[in-house]
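I opened the model to look up a few local details. My notes follow.

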Amino acid sequence: MTSEDHLSPKDVLLLNDRGDHTVPAARIYPFRWLWDSALIAVGWATFDERRAWTELDASMSAQWESGMVPHIDFGDGAGSYFPGPATWNTPYNSTGITQPPLTAPIALAVYKAARDRDLARSAAMTLWPKLVAFQSWLYSVRLHEETGLVLSVHPWETGLDNSPAWEQPMSAIDTTVVPTYVRKDTTHIDHTERPPQLFYDRCYALLIDLKSNGYDTRAAVDQCPFVVADTCINSIAVEASEALVELGRDLGQDVAEIESYLEHGRAGLATLWSDNVNAFVSWDMRTNKPIDIATCSGFFPLMTDVPSPAQVGALVTLMNKWGAKTRYLLPSFDPSHELFDPRRYWCGPVWINANYFIAKGFTRHGHPELAQRLLDDARRLVEMSGSREYFDPFNGDGLGGVEFSWTAALAMSWFNGAIA
Ligand code: GLC
């Protein structure tokens with residue numbers, strides 16, 4: 001297949017544009033997802049800054065009174081999706097769980113690169129209280145006080161929904177409460193590229209558990225069968241605090257509170273390093289044990305200043321080791337692990353957002369050549385297979401959703417040096 005057979009990244013964005021937000025992919029993800037909209041904004045910013053700010057604002061839509069920003073805003077969208085609004089049944093026409101707080105770092109990047117300074121300033125001012133309320137919620141309701149880590153109560157909160165890291169903390173979940181239901185994802189995508197049925201049942205069981213608590217997720221932290229301190233949310237939360245300090249200072253806002261989240265967050269993230277794995281790992285907070293397996297998000301702390309030089313060196317070695325086993329970097333999961341699966345989502349395929357995060361991290365820590373390798377591989381994959389959701393790390397096959405918005409947005413911006 002050649003690049004002529006694929007829609008251009010810009011056409012992908014236009015195809016998935018719903019006016020004030022962009023759906024991740026028309027058939028499989030027909031609503032507004034939190035961290036997707038943040039990434040998608042960088043694509044819009046390359047040719048329509050106003051639309052980029054609208055997208056960032058949309059990413060915070062349906063924010064709950066508590067400050068929590070739900071992972072899906074169902075809005076008035078329609079489409080075949082399970083679990084949809086009726087199953088979640090929250091007062092906000094949204095899900096009752098969150099996702100990585102990526103809007104703040106991306107808002108800062110769009111703000112710094114903006115040509116229309118007046119627009120950028122007023123749009124950032126509109127976003128500011130929403131971003132602060134979300135960050136405050138993460139570092140209060142979801143704070144693990146002993147460590148400074150942010151806790152997650154559902155695998156879908158971590159963004160890496162079906163990562164093998166969740167196998168063990170999900171193993172004790174009782175699925176007898178799950179009624180008969182019909183999955184919609186496997187009607188759109190080959191089931192071998194999607195989570196296995198038992199995993200989906202467990203996710204649904206957790207949803208039922210959270211719903212029975214009225215989505216009081218602080219109570220969930222104390223009672224929910226699944227509580228993890230995850231490397232993705234915690235890395236992005238630290239990055240978000242850093243971004244808010246910088247943005248807030250520029251906007252003339254008081255950032256003392258955010259600075260305290262930054263301090264907690266950094267201390268917490270540092271505790272996730274594993275000498276066994278030579279990467280950062282998530283923790284199962286129910287058993288208070290590290291989940292000692294390496295996933296792509298084990299590299300995400302590189303986006304912050306938390307890793308020591310020795311840890312950066314170990315991550316370089318680990319990436320090179322994975323690179324020797326696969327043709328394209330970076331597999332989303334350790335290619336020598338028995339649970340590795342090059343075609344199933346988050347169990348092995350390459351994700352372009354992960355490459356972008358890790359490339360940013362290696363640039364920050366003085367390894368531009370590794371950042372370049374991640375960029376080159378991402379570019380080759382998209383040229384070969386189009387703006388797919390994820391890619392086989394051996395042969396580059398496009399997998400999962402087609403015309404996937406964040407892949408397109410990063411191809412328009414990161415691939416062309418439009419964002420750092
Ligand atoms: C999948 C991904 C999640 C993403 C969503 C919409 O569920 O795991 O990270 O936000 O799709 O693209």
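**Ligand surroundings**

I began with D36 and found an N or O atom of its side chain 2.6 Å from an oxygen atom of the ligand. I counted a polar contact as a pair of N or O atoms within 3.5 Å. Y29 has a polar side-chain atom 3.3 Å from an oxygen atom of the ligand, and for W35 the value is 3.0 Å. I listed 13 residues around the ligand, of which D36, Q99, G159, D161 and W346 come nearest; a residue is near if one of its heavy atoms lies within 4 Å.

**Source notes**

This is a predicted model, where local features need pLDDT of at least 70, side-chain atom pairs count only at pLDDT 80 or more, and totals for chains, interfaces and linings use all residues. Residues are numbered from 1 along each chain as its sequence is written, and side-chain values use heavy atoms, with hydrogens and water left out.

**N353**

I located N353 in helix 14 (residues 352-364); helices are DSSP runs (H or I, at least four residues), numbered from the N terminus. N353 is buried because its relative accessible area is 0% (buried means under 20%, with a 1.4 Å probe and protein chains only). Leaving aside neighbours within four places in sequence, I found N353 in contact with W35, L39, W346, W406 and L410, contact meaning heavy atoms within 4.5 Å. I also checked V316, 37 residues from N353 along the chain: their C-alpha atoms are separated by 19 Å.

Conventions. Helices (H or I, at least four residues) and strands (E, at least two) are DSSP runs, numbered from the N terminus. Buried means under 20% relative accessible area, exposed over 50%, partly exposed in between (1.4 Å probe, protein chains only). A polar contact is a pair of N or O atoms within 3.5 Å; within protein, one must be able to donate a hydrogen and the other to accept it, and residues adjacent in sequence count only if both atoms are side-chain atoms.
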